[in-house]
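Subject: Structure handover

Hi,

Here is the structure I promised to pass on. My notes on it follow below.

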Amino acid sequence: MSVTDLDTTRLAKANGPAPVLLTVEEAARCLRIGRTTCYALIRTGELESLTIGGLRRVPADAPAAYLTRRRAEQRAA
């Protein structure tokens, strides 16, 4: 179980079923980074996000996918 799984599990227990989409703030908490850094990752395309109406949302699996890519990059370096 990854850190992101633990965080979304905690959100699910507090609010019902596991979330499909996270707010940017929730995604930042999952990654243990600041909100501004999370927005920077979104802006550069490193972290997947969607705009729904006027709201920015991050798919629940996107933080884990970002970590997987970063780990692969560091191993290759």
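Let's start with Tyr-66, which sits in helix H4 (residues 62-76). Helices here are DSSP runs of H or I with at least four residues, strands are runs of E with at least two, and both are numbered from the N terminus. Tyr-66 has a relative accessible area of 9%, so it counts as buried (buried is under 20% relative accessible area, exposed is over 50%, partly exposed is in between, with a 1.4 Å probe and protein chains only). Beyond its neighbours within four places in sequence, Tyr-66 makes contact with Leu-31, Leu-41, Glu-46 and Leu-47, contact being heavy atoms within 4.5 Å. With Glu-46, 20 residues away along the chain, the C-alpha separation is 6.8 Å.

Before you load it into anything: this is a predicted model, where local features need pLDDT of at least 70, side-chain atom pairs count only at pLDDT 80 or more, and totals for chains, interfaces and linings use all residues. Residues are numbered from 1 along each chain as its sequence is written, and side-chain values use heavy atoms, with hydrogens and water left out.

As for the overall layout, the protein chain has four helices and three strands, in the order α-β-α-α-β-β-α from the N terminus. Of its 77 residues, 30% count as buried.

Now the core. The largest nonpolar core has 14 residues, and Cys-38, Ile-42, Leu-47 and Val-58 have the most contacts inside it. (Such a core is a set of buried Ala, Val, Leu, Ile, Met, Phe, Trp, Tyr and Cys residues joined through side-chain atoms within 4.5 Å.) Helix H2 (24-31), helix H3 (35-44) and H4 each supply at least two of its residues, with H2 giving the largest share, five. Val-58 has quite a list of partners: leaving out residues up to four places away in sequence, it touches, among others, Val-20, Ala-27, Ile-42, Leu-47 and Pro-63.

Which of its residues are buried? They are Cys-38, Leu-41 and Ile-42. Viewed down the H3 axis, they fall within an arc of 100 degrees (taken from the directions from the helix axis to the C-beta atoms), so they line one face of the helix. H2, strand E3 (55-59) and H4 are among what covers them. On the face turned away from the buried side, H3 carries the exposed residues Thr-36, Arg-43 and Thr-44. Just after H3, Gly-45 has a positive phi of about 85 degrees.

Cheers
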